[in-house]
Amino acid sequence: MNKYFYVIILAMLASVEAEAQAVAKVDDKAPKPRLVVNIVVDQLCNDNLEEFMSLYGNDGWKKILAEGTVFSNAQMPFLPIDCASATAALSSGSYPFYNGIPSEEWVSRKTTLLMGCTSDQTSLLSPRGSSPAPVNMLASALGDELKIATERRAKVYSVAVESEAAVFLAGHCADGVYWLDTNSGKWTASAYYAEEPQWLRYFNERNVPARKLKNSGRQFAGDMKYLDYKRSPEVNTDVTDFALQCFAETLLGSDDDTDMLNVQYYAGKPYQGGKIDAKAGVRETYVALDMALGRLIKGIESRVGKDKVLFTVTSTGYREEVPVEYKEFNVPSGTVYINRTSNLLNMYLSAIYGQAHYVEGYRENQIYLDRKAIERRKLRLTEVLERCEEMLLMSDGIRDVHTLFSLTAAADNTSQKLRNGMSTDVSGDIILDIYPGWKIVNEDNSRVYTSRQYGFCFPIVFYGNGVRKETVATGVTADRVAPTISKAIRIRAPNACKAEPLM
């Protein structure tokens, strides 16, 4: 009996010690910062960051990793992950089940058409037209709580490569939200928040996209040149140029009310001539990112002061992998055609319940049922979903089938992450889990989807105001970034946040 007692006590102590290691120390006596610079690097991952460390300068990664508090093993608490869901999670301190943003797009249940995550499906909620807006985000963001705490005196701005990152990092009531437009290559603003400022127009006039492309010395692919540019190493230099201009023009950090500047960089796979670069392109991307990051930090510190700025740097927690033809290497693989699968499912349900249009739409690995049609026939949705599971599990390439109700009752870790990553309002009723090496193809629009049912570790770094030098190796989740910043600037955490601060 005593032997087992001591074993239990030692296990409890080990658990407490591990939990303690996941919480870093902070200088509680430090005054709150005048400015928070919240930096999110799309697709940043530990292995690439560490591999090119010898090539970095002294003002970027080396500086913040040496002088800041570093949580080296962070993950997102949900799956699957993309840029929109990750940035919404980071700013709200929650995940899609609560904040309503599971992906960059979904099938609208009102129109049955594909809609973007920053689009308003009714066009009634957006007061200033069709600009990208946070109308689908159900939770408050850090910037919203900062506005509330200061009675709108605080200034909140976002600068990003992608519009959805700019919007979700900013929240609902920011002063300005800016991103690089794919069609023109120019910086643009969302009219949802405010009219385009004069300084933005002057900036675009001085930074003609054609000149930037020419000076880069890189060959871009015809009509896709600006999309290619947004996936090139040069884009991070442009982000820093614009972020410093925004910082200077808006006088961020100039008074005692804490302001916030959100910045998104890019560290995903680079493109050249419409094709994916080899390892050299990845190296070039990370070196350019380091230079851009160092210049941003140095430029802001020189104006506001190191002790008055809190920098946070982290990742979106996913990575777009280079497509692999596994058949060439004799690895089991195949293709699931989502359009054909959905049509067969509709025929199957029609054979059981009578001819009708039961499948409303589909995208990637999700299938949407017509709930109104099911209701009109006085069918139980749970029963219909069970029938769907039975049929789909007999299909080649489908390893498992998750439904709205099975995920809500999720128990194991992987299923729990899938449940966290869905929204009952906009996610599909059925989520297909395909075998490793298989891909999902939509023949209607030629899109290819490779399941990302995994997450990798990435860093969360705090540097500057009140932050001590420390490295924490214990695993943490990225939804803890928002409450940590909230604590540092003495405001309430976002209203859907349940996570504890990291320090």
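Guide: Start at R319: its charged end sits over the ring of F456, 5.1 Å from the ring centre. Keep in mind that this is a predicted model.

Visitor: What does the charged end of R340 sit over?
Guide: The ring of Y337, with 4.0 Å to the ring centre.

Visitor: And how many aromatic pairs are there in the whole structure?
Guide: A search finds 13. One of them is Y95 with Y98: the ring centres are 5.5 Å apart and the planes are at 55°, so the pair is tilted.

Visitor: Are those two buried or exposed?
Guide: Y95 is buried, at 15% relative accessible area. Y98 is partly exposed, at 28%.

Visitor: What about Y353 and Y358, how far apart are their ring centres?
Guide: 6.3 Å, and the planes meet at 55°, so that pair is tilted. Y353 is buried at 15% relative accessibility, and Y358 is buried at 0%.

Visitor: Which residues do ring pairs link into a cluster?
Guide: Y157, Y178, W187, W199, F203 and F242.

Visitor: Change of topic. How many residues are in the largest nonpolar core?
Guide: It has 115 residues, and those with the most contacts inside it include Y178, I39 and I300. Helix α12, residues 279-304, gives the largest share of this core, nine residues.

Visitor: What does I300 contact, leaving aside its neighbours in sequence?
Guide: With those within four places left out, its contacts include L35, V37, L244, F247 and L261. G305, V309 and F311 are also among them.

Visitor: How many residues does the second core have?
Guide: 26, and that core is separate; A356, Y358, V401 and I430 are among its residues. The Y358 there is the residue whose ring pairs with Y353.

Visitor: Where is F405?
Guide: In helix α16, which covers residues 404-408. F405 has 39% relative accessibility, so it counts as partly exposed. Not counting residues up to four places away in sequence, F405 touches L381, T382 and L385.

Notes:
Residues numbered from 1 in each chain as written. Predicted model: local features only at pLDDT ≥ 70, side-chain atom pairs only at ≥ 80, totals over all residues. Heavy atoms only, no water. Core = buried A, V, L, I, M, F, W, Y, C linked by side-chain atoms within 4.5 Å. Buried < 20%, exposed > 50% of the residue type's maximum accessible area, 1.4 Å probe, protein only. Helix = DSSP H or I, 4+ residues; strand = E, 2+ residues; numbered from the N terminus. Contact = heavy atoms within 4.5 Å. Phe/Tyr/Trp six-rings, centres within 6.5 Å; stacked < 30°, edge-to-face > 60°. Lys NZ or Arg CZ within 6 Å of the ring centre and 35° of its normal.
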